[in-house]
Amino acid sequence: MDYKIYPMEAQDHPFVLDIYNRIVNQGMSYQRETPFSLEEFIDYVKDHTVYVLKVKDEVCGFFILRPNGPGRVSHIANGTYGLAEKHRGKNLGKELVQKSLEIAKKMGYHGIQFNSVVINNKVACHLYQSFGFKEMAIIPKGYRGDGEYFDIGIYYKNLINEK
């Protein structure tokens, strides 16, 4: 499959926002409960590193990297991934994760931590584990879906001394 992954540009904002908001509306992975407006989204990502996945001329995915916290924990990245529904199951998620690991290392992050991976999202859990992410903890009923609570996992991958 012919694709490219590149730093998000202004013309990509509406397309990335559409994917992001569709995932928010599904209510089974992102922490956010309500969709962003375009202005809110631009403000949200302005201090983050965002890369876009494009197949042919269509924006079909993205990842966001940012410090997991301020100050003394800012050397650990946090990542968010999004893939348009019609492009799932084509190994494009693997490409996003691989590229995000490369970029995080180049940026000097020592590791990447995911704070709330919904355990029911077996595809995401398997994908992260296939890249060497370790499930560090499970928080029972830590994610509130629509009328139901789900367990979440905290995942971590060390980036120091990796080839």
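Predicted model: local features only at pLDDT ≥ 70, side-chain atom pairs only at ≥ 80, totals over all residues.
Local features need pLDDT of at least 70, side-chain atom pairs count only at pLDDT 80 or more, and totals for chains, interfaces and linings use all residues. Residues are numbered from 1 along each chain as its sequence is written, and side-chain values use heavy atoms, without hydrogens and water.

**Helices**

Helices are DSSP runs (H or I, at least four residues), and strands are runs of E with at least two; both are numbered from the N terminus.

| Helix | Residues |
|---|---|
| α1 | residues 13–26 |
| α2 | residues 38–45 |
| α3 | residues 92–106 |

Helices α1 and α2 pack at an angle of about 95°, with their axes 10 Å apart. Axes are lines fitted to C-alpha atoms, for helices over the stretch in contact, and angles run from 0 to 180 degrees between N-to-C directions. The pair is therefore roughly perpendicular (65 to 115 degrees). Where do they meet? His13, Pro14, Val16, Leu17 and Tyr20 in α1 meet Leu38, Phe41, Ile42 and Tyr44 in α2.

Glycine 108 follows α3 and has a positive phi, near 90°.

**Asparagine 78**

Asparagine 78 lies in strand β4 (residues 76–83). Is it buried or exposed? Asparagine 78 is buried, at 8% relative accessible area. Buried means under 20%, exposed over 50%, partly exposed in between (1.4 Å probe, protein chains only). Its side chain reaches the backbone oxygen of glutamine 113 at 3.1 Å.

**Core**

The largest nonpolar core has 47 residues. Such a core is a set of buried Ala, Val, Leu, Ile, Met, Phe, Trp, Tyr and Cys residues joined through side-chain atoms within 4.5 Å. Ile112, Tyr128 and Phe133 have the most contacts inside it.

Technical notes:
Expected span 1.5 Å × (residues − 1). Polar contact = N/O pair within 3.5 Å; in protein donor to acceptor, adjacent residues only side chain to side chain. Parallel < 35°, antiparallel > 145°, perpendicular 65-115°, else oblique. Contact = heavy atoms within 4.5 Å.
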